[in-house]
Amino acid sequence: MSQFDVVIVGAGIAGASLAATLAPFKKILLIEAEDQPGYHATGRSAAFWAESYGGPDVQPLTTASGQFLRNPPADFSKIGFLSERGALHIGTMNDRLAAESISNEFRNSGVRLDVLNSDTISKQIPMLRDQWSIGLWEPDCSDIDVAALHQAYLKFARVNGAEIMCRHALRDGKWSGGRWQIDIGGEILECHTLVNAAGAWADDVAVKCGVKPLSIRPFRRTIIQIEMIDPVSASMPLIIAIDGSFYFKPATGGRSIWLSPHDETPSDACDARPEEIDIAQAIDRFVQVTQARFGKIEAKWAGLRSFSADRLPVIGPATDNPAFFWFAGQGGFGIQTAPAAACGAASFLCDLVQRPSNVELSRYLPSRFA
Ligand SMILES: Cc1cc2nc3c(=O)[nH]c(=O)nc-3n(C[C@H](O)[C@H](O)[C@H](O)COP(=O)(O)OP(=O)(O)OC[C@H]3O[C@@H](n4cnc5c(N)ncnc54)[C@H](O)[C@@H]3O)c2cc1C
């Protein structure tokens, strides 16, 4: 029977980043139910790194990941994964108080959020309608090359001895005699620690292993790519509504944009598909915000963002079985937080891994739900 120190369930960005971080120190197996790692949430993101996104309790993980994403260690990647974008949070006069409260939340965090007046906003983004006169400028927001980052994690894990098995789903886990016996479909494996990095399926994996689920709920989010008749500048920032009703950013050199209605519809864990109602809402909101002329919908997709009850990630040992490790609830920030979250998780599982600096890991422990 094959034996491992750690078996990680799910090869999205969470599982891949943790496998890579632990592989130099532990015998790791990463299992993925799908044909390809990254088929679910990880392959469907909007690909941005914005320190304000996810709120002030997620921000330390995002900020702590910035250095690695910008300048990764040479043995991990020769190139960085971030490119400059900038984010403009916009609102109407109705959003004045909400804008102030965002500024206040991040006041002493080191995150730059500059207040812009309406003239500056309309000069920066001429296609916006006049009523969008409230603006917060987040200059450090960047695009992430998600595919390159995910592949680099998988490669680094493999090079350092981790095994990666796709088309293998965890069906059942039994804890006895101080070890896990895991059924991955005809094959039984043994390991000391089982890591749950199964995204939308995190509760399902817990149940299969006899561990109490934590009510990690998947929510659908939709993105459409629309052709621009009036192309936008390729360097246009990410535009995010202060009231959380849309975001958009340029794609394919400014000839298209990616647009999301910021939907958050409860869903079962599944292969999420975009719904017509969300696509219509995206278009409707874009028309209300801009005067830009656009053409056909070139692409559309949806993915599941999975949240715990307090919308913070869950990183740490289960209270009812410390050999079961939660690495779930990455919500809408799982890519931008991956390096620091993986170091934090790995530091629980291996003394040789350093904790990320300026991140209070205790706030993410599963024991907060006990
Ligand atoms: C539309 C959209 C836009 C987003 N934009 C951003 C963004 O701009 N920036 C950002 O940081 N984040 C963004 N996110 C969030 C980010 O994509 C997620 O937080 C992140 O991908 C979660 O990674 P994960 O590895 O936990 O989950 P997943 O990528 O879903 O991986 C979990 C894997 O576990 C596997 N699995 C499940 N059950 C089993 C089992 N029993 N056995 C084996 N394998 C199993 C699944 O097949 C899946 O591949 C966005 C998400 C969506 C949907």
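Visitor: How do the residues of the lining of the largest pocket divide into nonpolar, polar and charged?

Guide: This is a predicted model. The largest pocket is lined by 50 residues. They divide into 27 nonpolar, 16 polar and seven charged.

Visitor: Which element gives the largest share of the lining of the largest pocket?

Guide: About 930 Å³ of space lies in this pocket. The elements that give two or more residues to its lining are α1, α6 (202–208), β13 and β18. The largest share is four residues, and it comes from β18.

Visitor: Which residues lie nearest the centre of the largest pocket?

Guide: The lining of this pocket has 50 residues. Those nearest the centre are H40, A41, T42, G199 and L304.

Visitor: What takes the space of the largest pocket?

Guide: The pocket holds about 930 Å³ of space. That space is taken by the ligand.

Visitor: Which residues come nearest to the ligand?

Guide: There are 38 residues around the ligand. By class, this shell has 20 nonpolar, 13 polar and five charged residues. The nearest are E32, T42, F48, G331 and Q336.

Visitor: Which element supplies the largest share of the shell around the ligand?

Guide: At least two residues of the shell come from each of α1 (13–22), β13 (217–228) and β18 (294–307). The largest share is three residues, from β18.

Visitor: How far is a polar backbone atom of G332 from a nitrogen atom of the ligand?

Guide: A backbone N or O atom of A47 lies 3.1 Å from a ligand oxygen. For G331, a backbone N or O atom is 2.8 Å from a ligand oxygen. Between G332 and the ligand nitrogen, the distance is 3.1 Å.

Visitor: What percentage of the accessible area of the ligand does the protein cover?

Guide: On its own, the ligand has 1,000 Å² of accessible area. The protein covers 97%.

Visitor: What is the volume of the largest cavity?

Guide: A search of the whole structure finds one cavity of 30 Å³ or more. Its lining includes I13, A14 and S17, as well as F327 and Q330. The volume is about 30 Å³.

Visitor: Which element gives the most to the lining of the largest cavity?

Guide: Two elements give two or more residues to this lining: α1 and α8 (338–349). By class, the lining has five nonpolar, four polar and no charged residues. The most, three residues, comes from α1.

Definitions and conventions
Residues are numbered from 1 along each chain as its sequence is written. This is a predicted model: local features need pLDDT of at least 70, side-chain atom pairs count only at pLDDT 80 or more; totals for chains, interfaces and linings use all residues. Side-chain values use heavy atoms; hydrogens and water are left out. A residue is near a molecule or strand if one of its heavy atoms lies within 4 Å of it. A polar contact is a pair of N or O atoms within 3.5 Å; within protein, one must be able to donate a hydrogen and the other to accept it, and residues adjacent in sequence count only if both atoms are side-chain atoms. Accessible areas come from the Shrake-Rupley method with a 1.4 Å probe; for residues, only the protein chains shown count as cover. On a 1 Å grid over the protein atoms alone, a cavity is a set of points where a 1.4 Å probe fits but cannot get out, and a pocket is an open set with protein on both sides within 12 Å along at least five of seven lines; lining residues have an atom within 4 Å of a point. A molecule sits in a cavity or pocket if more than half of its atoms lie within 2 Å of its grid points. Ala, Val, Leu, Ile, Met, Phe, Trp, Tyr, Cys and Pro count as nonpolar, Asp, Glu, Lys and Arg as charged, and the others, Gly among them, as polar. Grid points are joined across faces, edges and corners, and a volume is the space filled by probe spheres set on the points.
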